[in-house]
Amino acid sequence: MGAEVMRGLTATPKTLSPWLFYDEAGSRLFEAITRLPEYYLTRTERAIFAQHADAMIASAGDEPLKLIELGAGTATKTGLLLRAAIRKQNTVEYVPIDVSQSAMQAAKARLESEIRGVHVEPRVADYTDGLAEIPAEGMRRMVLYIGSSIGNFEPEDAVEVLREVRKRLAPGDWLLLGADRVKDRQTLLHAYDDGAGITAEFNRNVLVRINRELGANFNPRLFRHLARWNEAKSRIEMHLESVTAQMVIVSALDLEVRFAAGETIHTENSYKFTDESIRRIVERAGFRIERCWMDALAWFGVYLAASY
Ligand code: AVJ
């Protein structure tokens with residue numbers, strides 16, 4: 001974390017990587033974001049699963065499936081897919097992979113008590129590492145990468161992430177990828193700048209975390225939350241804008257950081273996709289898109305891709 005903060009705050013323009021958001025408070029704030037009226041992503045993807053989970057499972061062939069989820073977190077949407085798998089094959093093995101031990105334990109306890117026939121075998125790991133050791137045991141693997149988490153990566157890096165996934169799968173295995181789609185600019189902007197200010201708090205929380213973990217003295221109130229739609233790159237950007245000229249000390253890094261009034265720290269990209277842009281990434285990674293499900297407004301897409 002120190003290395004990442006050092007790199008980002010000494011770069012021009014200044015940046016901080018979005019994985020820094022997710023300390024305990026940040027994870028709680030993200031959960032709150034997923035329930036906001038403006039943040040359509042989570043409920044839209046959940047509705048797609050509610051309507052099409054059986055078709056998703058059926059489209060992945062006749063052999064029994066083992067479900068593996070990258071960055072599973074609390075796995076709240078996955079239950080819909082697990083139930084569909086159980087309707088078809090009676091029982092299902094589910095391997096959630098996440099860096100949070102506590103989220104994994106909570107997911108296992110909840111899913112095994114709520115859904116008869118599911119067996120949860122969590123892996124506490126960085127997700128491609130975790131994937132390495134998952135034997136197929138005569139089943140087809142279906143790797144879930146949902147929530148448009150892929151949108152945090154530059155397209156080149158997204159291809160690389162999916163290539164790493166592909167390397168650990170066999171021909172006949174599947175990828176189920178959730179991706180947020182390009183839509184009107186106001187809808188996109190409101191999703192990242194909500195009326196209750198939760199996203200602003202989530203963004204500023206990275207400064208609170210750096211204060212606590214690296215002994216910095218950021219005053220979060222002196223940084224304004226900005227959400228921008230970068231049309232040319234098809235991405236929402238989040239920034240923190242210094243409202244005044246100021247200097248901040250990060251004692252653990254022995255670093256003094258100067259900000260001009262109006263200078264920004266770029267904290268996140270959230271890419272928005274078209275069928276063509278997602279297809280290009282998925283195919284460059286060695287998968288073939290077989291099917292896609294969307295909501296009625298085509299705001300969000302769930303893509304089933306075959307490893308071959
Ligand atoms: C978890 C990366 C999918 O980009 O929409 C939510 C994170 N950032 N609000 C997203 C996020 C601001 C989210 N992802």
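I sort residues by relative accessible area: buried means under 20%, exposed means over 50%, and partly exposed is in between, with a 1.4 Å probe and protein chains only.

**Ground rules**

I am working from a predicted model, where local features need pLDDT of at least 70 and side-chain atom pairs count only at pLDDT 80 or more, while totals for chains, interfaces and linings use all residues. Residues are numbered from 1 along each chain as its sequence is written, and side-chain values use heavy atoms, with hydrogens and water left out. Helices (H or I, at least four residues) and strands (E, at least two) are DSSP runs, numbered from the N terminus.

**Entry: Lys-108**

I started with Lys-108, which sits in helix 5 (residues 101-114). Lys-108 counts as partly exposed because its relative accessible area is 28%. I then checked Lys-108 against His-119: 11 residues separate them in sequence, and their C-alpha atoms are 8.3 Å apart.

**Entry: the ligand**

Which residues come nearest to the ligand? I found Tyr-39, Gly-147, Tyr-192, Glu-268 and Ser-270, out of 13 residues around the ligand. For this list, a residue is near a molecule or strand if one of its heavy atoms lies within 4 Å of it.

Next I looked for polar contacts. The term means a pair of N or O atoms within 3.5 Å; within protein, one must be able to donate a hydrogen and the other to accept it, and residues adjacent in sequence count only if both atoms are side-chain atoms.

- Tyr-192 puts a polar side-chain atom 2.5 Å from an oxygen atom of the ligand.
- Glu-268 has a side-chain N or O atom 2.6 Å from a nitrogen atom of the ligand.
- Ser-270 has a side-chain N or O atom 2.7 Å from an oxygen atom of the ligand.

How much of the ligand does the protein bury? Taken alone, the ligand exposes 350 Å², and the protein buries 96% of that. I note that accessible areas come from the Shrake-Rupley method with a 1.4 Å probe, and for residues only the protein chains shown count as cover.

Two elements give two or more residues to the shell around the ligand: helix 2 (24-34) and strand 12 (264-271). I sorted the shell residues by type and got 8 nonpolar, 4 polar and 1 charged. In that scheme Ala, Val, Leu, Ile, Met, Phe, Trp, Tyr, Cys and Pro count as nonpolar, Asp, Glu, Lys and Arg as charged, and the others, Gly among them, as polar.

**Entry: the second largest pocket**

I looked up the second largest pocket and noted about 150 Å³ of space there. A pocket, on a 1 Å grid over the protein atoms alone, is an open set of points where a 1.4 Å probe fits, with protein on both sides within 12 Å along at least five of seven lines; lining residues have an atom within 4 Å of a point. Grid points are joined across faces, edges and corners, and the volume is the space filled by probe spheres set on the points.

The lining includes Pro-155, Lys-233, Tyr-271, Phe-273 and Arg-284. Helix 7 (155-167) and helix 10 (275-284) are the elements that give two or more residues to this lining. Which element gives the most? I wrote down helix 10, with 4 residues. By type, the lining divides into 5 nonpolar, 2 polar and 4 charged residues.

I found a cis peptide bond joining Thr-12 and Pro-13, with omega about -10 degrees. Pro-13 lies in the loop between helix 1 (2-10) and strand 1 (14-15).

Asn-90 is not a glycine, yet I read a positive phi of about 75 degrees. Asn-90 is in the loop between helix 4 (78-89) and strand 3 (92-98). Buried or exposed? Asn-90 is exposed, because its relative accessible area is 60%.

Asp-254 is not a glycine either, and its phi is positive at about 50 degrees. I placed Asp-254 in the loop between strand 10 (246-250) and strand 11 (255-259). Asp-254 counts as exposed, because its relative accessibility is 76%.

**Entry: two more pairs**

His-225 belongs to strand 8 (residues 223-230). I list His-225 as buried because its relative accessible area is 7%. From His-225 to His-239 I noted 14 residues in sequence and 6.2 Å in space, C-alpha to C-alpha.

Ala-50 belongs to helix 3 (residues 40-59). I list Ala-50 as exposed because its relative accessible area is 54%. Ala-50 and Leu-80 are 30 residues apart in sequence, with 6.1 Å between their C-alpha atoms.
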